[in-house]
Every structure is written in C-alpha cells, then in structure tokens.
Amino acid sequence: FDRRKVVVVFVLGGPGAGKGTQCVKLVNEFRFSHLSAGDLLRAEQNREGSEFGELIRTCIREGNIVPMEITVKLLENAMKAEIEKNNGAEGWTDGRGRFLIDGFPRKMDQAIKFGEEVCVASLVLFFTTTEGIMLHRLLERGKTSGREDDNVESIRKRFNTYKEQTMPVVKYYAELGKVAEIDSSRSIDEVYRDAAQWMRKILN
Ligand code: UP5
Ligand code: MG
C-alpha cells in the first residue's frame with residue numbers, strides 16, 4: 001500500500017495499562033482500525049500449520065519479545081487486508097487506512113524497521129499507571145481471560161521487559177515530540193476522555 005496515504009497511531013503502556021480497552025472505545029468514535037500486535041501473535045500461534053506457533057507461545061509465556069520480522073509481517077498483512085476491506089466502503093477513501101496499533105513497537109529494532117518498511121507514526125498514545133494497579137488488573141482478568149501470560153510469574157517478566165526494552169522506545173518518540181502521555185490509573189471513561197482529545201488534535 002501507499003505509505004503516504006496511511007495514518008498510524010501507536011498505543012503503548014505497560015501490561016494491563018488499558019491499551020486494548022481504550023482502543024476498542026476509540027474505534028467506536030473514530031474511523032480507525034484497531035490492530036493489536038499481541039492479538040495477531042496469539043492468532044498466529046493458534047493457526048494450524050504456522051511454523052512460528054511454538055516460538056510465539058514460548059516468548060509470550062516468558063514475557064519476551066517475538067522476533068520483529070514475524071510481528072512486522074503480521075501487522076503489514078493485517079493493514080493490507082483492512083485497506084482492501086475498506087476500499088469503497090462508506091466514508092473511506094480508496095487506498096487509505098487509519099490504524100491504532102496496540103502494543104507495538106515494544107523494542108527499538110521494531111520501531112526502526114516498521115518506520116523504514118511500513119510507515120512513520122503520527123502519534124504515540126502512552127498509557128501509564130503503577131505496577132500495583134497493572135498487576136491487580138491482570139490477575140483479575142486472568143480469572144477468565146485464558147491468557148497464558150496472566151499469572152504472577154509471567155506478569156513479573158512482562159514488567160521487566162517493558163522497563164528494559166519498551167521504555168527506550170517511548171523515550172525515542174518523546175524526543176521526536178510524538179508522545180501523548182495519559183494517566184490510566186483513573187476510570188475507563190476518564191482515561192478515554194483524554195485519549196479522545198488527543199485523537200481529535202491529530203485529526204485536525
Ligand atoms: N481495565 C482497563 N482499563 C481499566 C481502568 N481504567 N480501570 C479499571 N480497569 C481497567 O486491560 C487489562 C484489564 O484491566 C482488563 O481486564 C480491563 O477490563 C481492565 P487491557 O485493556 O486488556 O490492558 P492492555 O494494556 O491491553 O494489557 P495487555 O495485557 O494486553 O498488555 P500487554 O502489553 O502485556 O499484552 P500484549 O497482548 O500487547 O502482548 C502480549 C505479549 O505478546 C508480550 O508480552 C510479548 O511477549 C508479545 N508481543 C511481542 O512479542 N511483540 C509485540 O510487538 C507485541 C506483543
Ligand atoms: Mg492488550
């Protein structure tokens with residue numbers, strides 16, 4: 001697809017910060033497609049015949065980052081499919097796409113590769129809260145989510161990876177003036193109000 005016609009907003013924040021929850025609300029109001037890197041990886045892990053299934057499962061359980069080639073490819077394919085699906089649909093201009101990319105890039109190499117090979121992001125929505133709150137939310141969710149990484153041991157590893165590998169990515173975009181930091185300790189609606197305001201800003 002034509003990278004000049006595509007708008008990308010990255011959505012970052014620690015495990016359980018509320019990225020997915022806010023993205024679902026945002027795409028209700030704004031005409032964006034929500035692509036969660038974690039969801040795409042989980043789908044690929046479960047796809048019959050996938051050569052990466054075992055590798056993805058191990059990385060996710062250990063809180064490690066899956067090799068970037070896999071994730072960037074999955075995202076690129078999902079973007080292509082969305083653009084094709086929306087072509088000609090009401091309100092969409094042909095060849096254009098607007099994407100909320102949730103939980104990506106979480107390591108510097110992914111950020112660089114995606115910028116070079118796919119496109120450059122306009123904004124990073126960055127949700128922050130304490131580890132205590134994130135842990136509590138994830139353990140609550142873990143009662144029903146079926147996610148193999150919603151247990152104390154995996155959560156601790158995810159926190160470490162987030163601090164060591166993802167925070168440098170946030171810092172990199174902050175230096176470019178692209179980060180909108182939002183306190184996600186508050187209620188879902190309060191957090192949403194701020195997130196929606198940032199979206200309006202970039203759409204103007
Ligand atoms: N909740 C949400 N907001 C709330 C609020 N304001 N008040 C009260 N409760 C709130 O929310 C988590 C829970 O909290 C939910 O129950 C929600 O109702 C509640 P959610 O919106 O799901 O949080 P989110 O930030 O999306 O948490 P998630 O667990 O999805 O974050 P992760 O970043 O850990 O998971 P992700 O799926 O992105 O990645 C999983 C793994 O995939 C990674 O650890 C990694 O191994 C791998 N991965 C890669 O290797 N590469 C990638 O590029 C991406 C992922
Ligand atoms: Mg999520």
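Surface patches, as used here, are made of residues with over 30% relative accessible area and no salt bridge, like charges being joined within 9 Å and nonpolar side chains (Val, Leu, Ile, Met, Phe, Trp, Tyr) within 5 Å. The structure is a predicted model in which local features need pLDDT of at least 70 and side-chain atom pairs count only at pLDDT 80 or more, whereas totals for chains, interfaces and linings use all residues. Residues are numbered from 1 along each chain as its sequence is written, chains are lettered from A and ligands numbered from 1 in the order in which they are written, and side-chain values use heavy atoms, with hydrogens and water left out.

**Surface patch**

A nonpolar patch on the surface is formed by Ile-112, Tyr-172 and Leu-176, which together have about 260 Å² of accessible area. Accessible areas come from the Shrake-Rupley method with a 1.4 Å probe, and for residues only the protein chains shown count as cover. Leu-176 is located in the loop between helix H7 (152-175) and strand E5 (179-183); helices (H or I, at least four residues) and strands (E, at least two) are DSSP runs, numbered from the N terminus. Leu-176 counts as partly exposed because its relative accessibility is 49%. In this scheme, buried means under 20% relative accessible area, exposed over 50%, and partly exposed in between (1.4 Å probe, protein chains only).

Strand E1 (residues 6-13) is largely enclosed by the rest of the structure, because seven of its eight residues are buried. E1 pairs with E3 in the parallel sense over six bridges, where two strands pair if DSSP finds at least two bridges between them. Within E3, Leu-100 stands opposite Val-9. E1 also pairs with strand E4 (residues 123-128), in the parallel sense and over five bridges. Phe-126 in E4 is the bridge partner of Leu-12.

The loop between E3 and helix H5 (108-117) contains Pro-105. The peptide bond from Phe-104 to Pro-105 is cis, with omega near -5°.

**Helices and their contacts**

In helix H2 (residues 37-46), the buried residues are Ala-37, Gly-38, Leu-41, Glu-44 and Gln-45. They lie on the same side of H2 because they cover an arc of only 125° around the axis, the arc being that of the directions from the helix axis to the C-beta atoms. An α-helix has 3.6 residues a turn, so residues three or four places apart point the same way. The buried residues of H2 pack against strand E2 (33-36), helix H3 (53-62), helix H4 (68-86) and strand E3 (97-102).

Gln-45 of helix H2 is buried because its relative accessible area is 11%. Not counting residues up to four places away in sequence, Gln-45 touches Gly-53, Ile-56, Arg-57, Ile-60 and Glu-148, where contact means heavy atoms within 4.5 Å. In helix H4 is Thr-71, which counts as buried at 3% relative accessibility. Leaving aside neighbours within four places in sequence, the contacts of Thr-71 are Ala-37, Leu-41, Val-66, Phe-104 and Gln-110.

Ala-195 belongs to helix H8 (residues 188-203) and counts as buried at 0% relative accessibility. Residues up to four places away in sequence not being counted, Ala-195 touches Gln-22, Leu-26, Leu-125, Phe-127 and Ile-182. Ala-195 and Thr-58 are 33 Å apart in space, C-alpha to C-alpha, and 137 residues apart in sequence.

**Salt bridges**

A salt bridge is a side-chain nitrogen of Lys or Arg within 4 Å of a carboxyl oxygen of Asp or Glu. By this rule the count is 20 salt bridges.

| Pair | N to O distance |
|---|---|
| Asp-2 and Arg-4 | 3.0 Å |
| Arg-200 and Glu-29 | 2.9 Å |
| Arg-158 and Asp-149 | 3.5 Å |

The side chains of Arg-200 and Glu-29 meet in a salt bridge. The pair links distant parts of the chain, with Arg-200 in helix H8 and Glu-29 in helix H1 (residues 19-29), 171 residues apart. Arg-200 is partly exposed, with a relative accessible area of 39%, and Glu-29 counts as partly exposed at 40% relative accessibility. Asp-2 is partly exposed at 26% relative accessible area, whereas Arg-4 is exposed at 72%.

Arg-158 is buried, with a relative accessible area of 10%, and Asp-149 counts as buried at 5% relative accessibility. Salt bridges link Arg-141, Arg-147, Asp-149, Asp-150 and Arg-158 in a network.
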